[in-house]
Amino acid sequence: MLKSPGKLNLQQQEQRTGWLLLAPALLLLLLVYVYPILRSFWLSFYSQNLGTELKPLFAGLDNYQRMAIDGRFWESLANTSFFTLVSVTLELGLGLGMALVLNQAFRGRGVVRTVALLPWALPTALIATTWTWIFNDQFGVWNDLLQRLGLIQTGVNWLGDPGWAIWTVIAADVWKTTPFIAILLLAGLQSISADFYEAHALDGASPIQSFFQITLPLLLPQIVIAALFRFAQAFGIFDLVQVMTGGGPGGATETVSIYIYATIMRYLDFGYGAALVVVTFAGLGLAVLLGAWSLSQLRRGAS
Amino acid sequence: MANSARSTAPRLGLWLAVGLILLLSLAPILWQLLTSLKTTADITAIPNVYFPRQLTLEHYIDIFQRQPFLRYMLNSAFVAVVSTLLCLLIGTPAAYVLARLKLPGEQIILTGVLIVTLFPYILLFLGLLELVRNFGLANNYLALIVPYTAINLPLTILVMRSFFQQLPHELEDAARVEGYSTAQMLLQILLPLTTPALVTTGILAFIAAWNEFIFALTFITRDSMKTVPVAVAQLSGTAVFEVPYGALAAATVVGTLPLVLLVLLFQRRIVQGLTAGAVKG
């Protein structure tokens with residue numbers, strides 16, 4: 001059937017309105033998300049620091065060559081990877097457990113769900129001061145509890161010890177973001193039909209068997225989505241570390257984002273900072289692509 | 001009898017798990033609250049004094065009188081409210097277009113919106129810092145309002161889009177027959193229906209804006225203009241020799257209070273919004 005000219009006109013008009021309504025959002029996203037990344041990419045081929053009187057001078061791949069032998073960068077990358085791997089794994093495990101509990105029917109469930117959500121909503125920078133206080137070496141309640149239980153004799157300087165410091169940040173991060181994962185997984189649990197479980201139970205399966213044979217496979221897409229989200233956020237962690245340890249002691253908790261921030265704001269090395277941004281972006285992008293690809297494979301397998 | 005005995009053990013386990021969730025979620029917050037109400041002598045007592053021997057409001061008086069904490073709260077509120085409203089204003093029409101109209105390149109835009117939700121802010125701050133300098137926006141709230149509006153746009157677009165997709169097409173068809181233009185229909189027919197979804201999205205955007213740290217730390221250096229997270233974080237850094245634990249605790253309690261209230265009042269909506277935003281991806 002041929003479209004009448006009038007109809008085509010209406011459609012064109014609709015499209016024009018559509019683009020007009022879309023334009024402010026698109027422009028803002030381009031300005032705040034796309035421009036800074038492109039700009040960093042461009043700047044990463046220049047030297048712009050105190051040595052060049054903060055003027056950009058073309059430097060080719062100098063910044064990237066410097067990064068290859070920059071021990072502090074590799075150390076911060078190792079710290080970031082360790083932090084991300086440990087905290088996201090813990091959050092997924094605990095979040096799944098929390099979701100399973102919150103999915104049960106019990107009196108006061110609404111209240112418990114509200115309380116469980118609280119840590120996620122609170123400002124990270126403020127929560128960081130709370131955990132700093134808990135792990136305080138002199139007056140901290142964590143030392144006090146462990147001493148009362150007889151697990152340690154004298155107070156430990158958790159934040160000031162190169163071995164322990166990263167674990168204090170992990171504890172704070174796990175506390176704050178497990179609820180986020182639990183909420184996502186809870187929504188997934190609620191979408192699984194009870195019929196599956198009844199049929200499975202009739203076949204004589206135990207609850208543990210149905211967890212592994214029904215719940216986990218059907219929940220897998222949500223788990224991957226939550227992991228992807230959390231992975232990206234944890235990899236770029238800044239506020240928690242900045243407030244709790246500032247990257248110390250002796251760089252033991254310095255993550256890539258702390259190093260980038262110091263490079264730019266403290267050492268005023270914009271060119272090198274830009275190169276660090278680009279490499280972090282590329283690494284993160286690669287990991288996310290891998291995650292998204294495995295998600296699409298999962299979905300294809302499911303359908 | 002046998003039946004009840006069999007169901008008691010899992011029941012007990014469930015209540016234990018529920019108790020553990022409550023304890024772990026609340027303990028750090030309550031500890032901070034208790035600290036804020038203790039005298040400095042109790043705060044620095046060894047071994048720890050768990051329950052204050054004497055309740056005091058001195059730390060609260062301290063942050064409001066010796067620190068301009070009310071000012072910080074108002075700063076945060078201003079930036080968060082303005083950026084949230086802007087975000088809804090810009091994001092809702094965009095969400096509608098992506099839900100209903102068929103535009104070429106729509107899928108690319110949606111994918112792009114999803115991808116940018118994964119960008120950590122540290123990747124953006126160098127480019128934005130340059131923009132802030134070039135436009136002379138240091139110590140100007142536009143330097144926060146513009147990025148906050150943008151970082152909340154993806155979630156707004158995703159949540160509102162899933163809401164629009166659930167609306168029946170008949171409404172718009174009827175409006176079209178009546179001769180409404182797209183903009184008129186959006187304003188006069190759909191907007192009243194979207195109020196609940198706007199509230200949900202608005203709460204999420206407000207929380208994110210209130211909590212943002214790195215841009216606020218970098219672009220606002222004048223003390224009287226600081227937002228709560230930065231002000232509190234620097235409170236612990238200002239005193240080199242004696243950290244004001246009590247004041248810090250009081251500031252944390254006051255700074256989190258608006259968000260605690262939001263969660264208590266709107267828990268269900270927040271959960272809906274978060275899942276709508278994430279699961280669509």
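This is a predicted model: local features need pLDDT of at least 70, side-chain atom pairs count only at pLDDT 80 or more; totals for chains, interfaces and linings use all residues.
**Where the chains meet**

Let's start with the contact between the two chains. On one side are 69 residues of chain A, and on the other are 75 residues of chain B. Which element of chain A gives the most to this contact side? The answer is helix α1, residues 5-43, with 18 residues. Sorted by class, the side of chain A that touches chain B holds 50 nonpolar residues, 14 polar residues and five charged residues.

**What the record says about each chain**

For chain A, an unreviewed UniProt entry places the feature "transmembrane region" at residues 20-38, 82-102, 114-134, 164-189, 210-232 and 270-293. The feature "domain: ABC transmembrane type-1", also from an unreviewed UniProt entry, is placed at residues 77-291 of chain A. For chain B, UniProt (unreviewed entry) places "transmembrane region" at residues 12-31, 77-99, 108-129, 141-164, 185-210 and 245-266.

How do some of these spans look in the model?

| Span | Helix | Strand | End C-alpha distance |
|---|---|---|---|
| Residues 164-189, chain A | 96% helix | 0% strand | 36 Å |
| Residues 210-232, chain A | 100% helix | 0% strand | 31 Å |
| Residues 77-291, chain A | 75% helix | 0% strand | 19 Å |
| Residues 12-31, chain B | 100% helix | 0% strand | 27 Å |
| Residues 108-129, chain B | 77% helix | 0% strand | 28 Å |

**The two domains of chain B**

Chain B is divided into domain 1, covering residues 2-36, and domain 2, covering residues 67-279. The C-alpha centres of domain 1 and domain 2 of chain B are 34 Å apart. How many residues of domain 1 of chain B are in contact with domain 2 of chain B? Four residues of domain 1 take part, and they touch six residues of domain 2. The domain 1 side of this contact consists of one nonpolar residue and three polar residues, with no charged residues.

**A helix pair in chain B**

Two packed helices are described by the angle between their axes and the distance between the axes. In chain B, take helix α7 (residues 142-166) and helix α9 (residues 182-211): their axes come within 10 Å and cross at roughly 150°. Angles over 145 degrees count as roughly antiparallel, so α7(B) is roughly antiparallel to α9(B). The crossing of α7(B) past α9(B) is right-handed. Among the residues making this contact are Tyr148(B), Leu155(B) and Phe163(B) from α7(B), and Thr194(B), Leu204(B) and Ala209(B) from α9(B). By class, the contact of α7(B) with α9(B) has 11 nonpolar residues, five polar residues and no charged residues.

**A helix pair in chain A**

Now for a pair in chain A. Helix α4 (residues 109-121) and helix α7 (residues 165-190) of chain A have axes that come within 7 Å and cross at roughly 125°. That angle makes α4(A) oblique to α7(A). Is the crossing of α4(A) and α7(A) left-handed or right-handed? It is left-handed. From α4(A), the residues Ala116(A), Leu117(A), Pro119(A) and Trp120(A) meet a group in α7(A) including Trp175(A), Lys176(A), Phe180(A) and Ile183(A). The contact of α4(A) with α7(A) is made up of nine nonpolar residues, one polar residue and one charged residue.

Notes: Residues are numbered from 1 along each chain as its sequence is written. Chains are lettered from A and ligands numbered from 1 in the order in which they are written. Two residues are in contact if their C-beta atoms, placed from the backbone, lie within 7 Å. Helices (H or I, at least four residues) and strands (E, at least two) are DSSP runs, numbered from the N terminus. Ala, Val, Leu, Ile, Met, Phe, Trp, Tyr, Cys and Pro count as nonpolar, Asp, Glu, Lys and Arg as charged, and the others, Gly among them, as polar. UniProt positions are given in the numbering used here, feature names are shortened, and annotations may be inferred rather than shown by experiment. Domain bounds come from an automatic or database domain assignment. Axes are lines fitted to C-alpha atoms, for helices over the stretch in contact, and angles run from 0 to 180 degrees between N-to-C directions. Angles under 35 degrees count as roughly parallel, over 145 as roughly antiparallel, 65 to 115 as roughly perpendicular and the rest as oblique. A crossing is left-handed if the near helix is turned anticlockwise from the far one by less than a right angle, and right-handed if clockwise.
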